[in-house]
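Please examine the sequence and the model shown here before reading on.

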Amino acid sequence: PAERRWLFADQLGPHFLDTDDQPVLLVQSRRAFARRRFHRQKAHLVLSALRHRAAELSDRCEFRAVDRYTDAAGDRALTVCHPTTRGALALVQRLPGVQVLPARGFVTGMADFAAWADGRGRLLMEDHYRIARRRQGVLMDGDEPAGGRWNFDADNREPPPKPRRGRSGPPTLGVPEPWWPQEDEIDEQVRRDLDRWERDGDVRFVGRDGPRRFAATRHEALQALEHFVAHRLAAFGRYEDAMLADDAWMAHSLLSAPLNLGLLDPLEVVHRVEDAYRGGQAPIAAAEAVVRQILGWRDYVWHLYWYLGPDYPAGNGLRARRGLPDWFAELDADAVQARCLSGVLADLRDHGWVHHIPRLMVLGNFALQQGWDPAELTDWFHRCFVDGYEWVMVANVVGMSQFADGGRITTKPYAAGGAYINRMSDYCGPCAYRPTVRVGEQACPFTAGYWNFLHRHRGELSGNHRMAQPLRGLDRLADLDALLDQERRRGTDPP
Ligand code: SF4
């Protein structure tokens, strides 16, 4: 018989097993939830997925609820696919009977990534992505990229549609709602257990409970994929960077959660999306945008987590040392007046998810401007998002969003004022602040925060040619002193 395979809770798909009848060990650790404060809906999703998998595997699965993983593994003969965090890898390497296999659930192998990265200064996603496209033959017409271009970003930055004249209600993309799962008795049991753990005082969550919104089984994940391809993919590309106050989901796939639980193999998603393009169901710009996110970006941040080494997460190139204020850490949307930030925090509180632009350009941008500690922020993103894992958030937050790695993966900080948010969303209209105003009662905290950030880091950024124009703009500000004084007084109060 095949060796018993230990599956972590993010290794739940069939591709983590060698045969259909391989015996399995699944471990549920309450302590993992007690150590840190996760979003309630993230805890629900992970537990639900784990228990659904145990039920599916039934008599060939040993499902153990223990305090510590070592209690379940003991010194038995087990194999495990390379875990997704350094902590879990060190744990399985310590256990005498456990054999660690190469990672699964990602497209590019570690050796191939290292061969590409070794000796390079800046590790640009675009370079990694094109090599992966060629190697996998994805969206390729012979030697050329399908559609004649590698990159359709310029087509995929449309602002959201404006409200239509004569139509009441907020603007929408006009796409059907995402696929939603039906909760079952396993979800009910999870909900009861989490309520009880919280009542017992062992575990504290952030965010609110709510209906499960993300696939927790292989079957559900495939349904979600098919629904996305059939109904939403075509609109995904052009609006992928846009935000709407009344529509958190827009045309996003919501597949990051089942992908990161290991329920879907990234290549199967990529192939399905390519099929849709080849079959005339989606334009190339939309298909390429999804392939870029999964084959490109997702694999890239996974490899950076390992390749850049154990010190990378502690990078703090801009010496940002302020702690996260409570209102932010606790997702207290009601304390915030700035309509964009309040809306994004409310969506996160209610769903444990917002899409990549609110993450990068509202939450991350504000943290960057305010000088919040990047490691603390990374941990917060990991705990508060249903699809957040350590390997996901390190490069995304430390590298991309907070520019804390000295520019190893991006060419300039993702700092932006209210003008960007105003262009890419419908938040600003009814906001108490004005995106163009820097000083005074109506000063937009993003706009004032942007100039304050540039002023604070003028020295570090002056050698960066992409920052030359913004820094010249800073030199021309007549009201800079008043702005700096205003920002000092604002402190860490909610904006
Ligand atoms: Fe956000 Fe500023 Fe726009 Fe208000 S005016 S919604 S704070 S960007």
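The structure is a predicted model, in which local features need pLDDT of at least 70 and side-chain atom pairs count only at pLDDT 80 or more, while totals for chains, interfaces and linings use all residues. Residues are numbered from 1 along each chain as its sequence is written.

The protein contains 22 helices and seven strands; helices (H or I, at least four residues) and strands (E, at least two) are DSSP runs, numbered from the N terminus. Its C-alpha trace spans about 75 × 60 × 55 Å along the principal axes. For 495 residues, a compact globule would have a radius of gyration near 23 Å, and the protein agrees because its own value is 23 Å. This radius is taken over C-alpha atoms, and the globule rule is 2.2 Å times the number of residues to the power 0.38.

Two packed helices are described by the angle between their axes and the distance between the axes. Axes are lines fitted to C-alpha atoms, for helices over the stretch in contact, and angles run from 0 to 180 degrees between N-to-C directions. Angles under 35 degrees count as roughly parallel, over 145 as roughly antiparallel, 65 to 115 as roughly perpendicular and the rest as oblique.

Consider helix α15 (residues 356-370) and α19, whose axes come within 8 Å and cross at roughly 45°. The two helices are therefore oblique to each other. Asn-365, Phe-366, Leu-368, Gln-369 and Gln-370 of α15 meet Phe-446, Gly-449, Tyr-450, Asn-452 and Phe-453 of α19, contact being defined by C-beta atoms, placed from the backbone, that lie within 7 Å. This contact has five nonpolar, five polar and no charged residues. Here Ala, Val, Leu, Ile, Met, Phe, Trp, Tyr, Cys and Pro count as nonpolar, Asp, Glu, Lys and Arg as charged, and the others, Gly among them, as polar.

How do α19 and helix α22 (residues 480-490) cross, and at what angle? Their axes come within 10 Å and cross at roughly 105°, so α19 and α22 are roughly perpendicular to each other. The residues in contact include Trp-451 and His-455 of α19 and Leu-483 and Glu-487 of α22. By class, this contact has five nonpolar, four polar and one charged residues.

Among the residues making the contact are Leu-47 and Arg-51 of α2 and Val-190 and Leu-194 of α7. The contact of α2 with α7 has six nonpolar, three polar and four charged residues.

The ligand is surrounded by 15 residues, the closest being Ala-338, Cys-340, Cys-428, Cys-431 and Cys-444; a residue is near a molecule if its C-beta atom, placed from the backbone, lies within 6 Å of it. Helices α14 (339-351), α18 (418-424) and α19 (445-456) each supply at least two residues of this shell, and α18 gives the most, with three. The shell has eleven nonpolar, two polar and two charged residues.

Definitions and conventions:
Two residues are in contact if their C-beta atoms, placed from the backbone, lie within 7 Å.
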